[in-house]
Protein chains: 2
Amino acid sequence: MNSLVANTTPDVEDYYPSRNGSASRCSERLDPVVYTSRDDPDSTYSNGPLSPSSIEDYERNGFVILDSIFSDAEVARFQRELELLRADPGLGSSDMVISEPGTNDVRSIFRVHELSDVFRKLSTDYRLAGAAQQLLGDQVYIHQSRLNYKPGFRGKEFYWHSDFETWHVEDGMPRMRALSMSVTLTANYAFNGPLLLIPGSHKLYLGCEGRTPENHFRQSLKKQVYGVPSDEALAQLVAEGGIVAATCNPGSVILFDCNTMHGSNSKISPFLRSNVFIVYSALSNRVVAPFCEREPRPEYICTRESIRPISVPKAAMMQG
Amino acid sequence: MNSLVANTTPDVEDYYPSRNGSASRCSERLDPVVYTSRDDPDSTYSNGPLSPSSIEDYERNGFVILDSIFSDAEVARFQRELELLRADPGLGSSDMVISEPGTNDVRSIFRVHELSDVFRKLSTDYRLAGAAQQLLGDQVYIHQSRLNYKPGFRGKEFYWHSDFETWHVEDGMPRMRALSMSVTLTANYAFNGPLLLIPGSHKLYLGCEGRTPENHFRQSLKKQVYGVPSDEALAQLVAEGGIVAATCNPGSVILFDCNTMHGSNSKISPFLRSNVFIVYSALSNRVVAPFCEREPRPEYICTRESIRPISVPKAAMMQG
């Protein structure tokens, strides 16, 4: 079992140690995946946009793909907004804009739920925020949001990682009670460097070797070096769960647990690939001090000072 | 149309100029794809292992995938031989062994049809050499052979290219009368960095910018910088033909024309991927002096001094 290491915030213990100088190791997940229950009439299980079968897929695999739940018109609006933000001269030199390694091509723009009315509205859409609340069984807030833009011809790979491992160590997210939604603005073809996920990987936690360097995020958002699982652990996860390439149409949502192992290959196809990425966390799971001896990452990467629960609108049941 | 530039070999003209200081340009293929005819009873069209529909696919798309034409036992024998060659201490420091960029992992071993009895026999197998002869309408010889080995976790991408462009410029292959066969020794999954091909791309020739540096092959076998088509030309080819990922079982053959545009993404999956790659050229298309002002590449990359036509054995008709 994990040893419990005191966090710098009093009375918050480290249930998921990583990068603390120990060797890499694999342990059981200590938290539920779905925090609501079909058997509890007071829970949000049966009161949200996700169908029971989508919830079961998510619980078993650590992800579910909701194909084409945004209309072509909605996707076109998001794409226009993405282009406006990419072309915004005021943003170009901002820390919130991350470029591809070796070039100045924009790879990500952070905090788009604050930068843009269009994406602020998207982040509170019932189809997204309602699903987050349905699974996490709590009010939710946005831990992070960003636009991802993988250019044609020379889109770089992103190696396997669990987002939770980084959010826990570098941001101080205490428990696994958060999830990500990737809203696809372009088609994800098998040959186009789609998101790759390892089904079932969310049920184990891989503590990683090494220690986190100062200002690690400046480098890790381009290419992660620390917080990378070992070859042996990855081979074991894949032997048990296989790999799924999240191929889907524009306007789909890839919804995945904070601890699901994922990554993507490079891409040489001429097609660009873009998505809006929003991380919802339970309000009860708000971040504390990082579980490493480093300063917290900036507010645009990790919401800390400006945590606001989302008022989830009501809407008709969606069959996911 | 192409201007004809005299080659250093008297009376061989350059029908496919590239890297000669001109801008990149796109021109029509000047040669047949299939050199035999269904209507000519004397041709090898109807006298080989490929079915008429496989020949038609190959002619139209520039490639055809022949799934599982080698047995599991044959594949196991090829895999054993591959491991023996990879472990051969006498080969480790040879120029014939190419490592991954940035590591010492073996990526390719050249000239395996001479190094190994197992692969010599494979290279003259009716299913391969018979198919080459059937399509090229001539006696065939091996222009190049190699083992490719893409390791797990960190297999690098290979950018789009036409093999013919390089074989023409750097080896002096006069015409498009050659083809490649990749015999897969492992499964090619969509997420596993499989060969990507652009259907129909073999019917156009993309002359490339730049000039060939001295000893370019030492670098280009790891990462190609010269002989790379322009973004605009690639986008046009893909707009017309799309992209096919050559997913297939072990023991399959991906048979593609020398001018078909192809490449592969990087791979982060734990599965390694290996294949035996054999290039057959028509005896009438034997190499002359390179179509650039450089010394010819070594014999292990381009057969020049030791050209020997293959005596193709007879075998029962194969339904491809």
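**Interface.** I looked up which surface each copy uses in this predicted model. I found that 100% of the interface residues of chain A are also interface residues in chain B, so the copies meet through the same surface.

**Symmetry.** I then superposed the copies. Chain A can be laid on chain B with an RMSD of 0.0 Å, by a turn of 180 degrees and a shift of 0.0 Å along the axis. I therefore note the two copies as related as by a two-fold rotation axis.

**Strand β7 of chain B.** I asked how many of the eleven residues of strand β7 (residues 140-150) of chain B are buried. The count is eleven of the eleven, so I record β7(B) as largely enclosed by the rest of the structure.

**Partners of β7(B).** I looked up the pairing of this strand. With strand β6 (residues 106-110) of chain B, β7(B) pairs in the antiparallel sense over three bridges. Here I see Ser108(B) opposite Asn148(B) of β7(B). With strand β15 (residues 273-282) of chain B, β7(B) also pairs in the antiparallel sense, over ten bridges. I note Ser274(B) in β15(B) as the bridge partner of Tyr149(B).

**Asn275 of chain A.** I turned to Asn275(A), which lies in strand β15 (residues 273-282) of chain A. Is Asn275(A) buried or exposed? Its relative accessibility is 9%, under the 20% limit, so I count Asn275(A) as buried. Leaving aside neighbours within four places in sequence, I list as contacts of Asn275(A) the residues Arg146(A), Leu147(A) and Asn148(A), together with Ser182(A), Val183(A), Thr184(A) and Leu185(A).

Note on methods
Residues are numbered from 1 along each chain as its sequence is written. Chains are lettered from A and ligands numbered from 1 in the order in which they are written. This is a predicted model: local features need pLDDT of at least 70, side-chain atom pairs count only at pLDDT 80 or more; totals for chains, interfaces and linings use all residues. Side-chain values use heavy atoms; hydrogens and water are left out. Copies are superposed by least squares on the C-alpha atoms of residues with pLDDT of at least 70 in both. Contact means heavy atoms within 4.5 Å. Buried means under 20% relative accessible area, exposed over 50%, partly exposed in between (1.4 Å probe, protein chains only). Helices (H or I, at least four residues) and strands (E, at least two) are DSSP runs, numbered from the N terminus. Two strands pair if DSSP finds at least two bridges between them.
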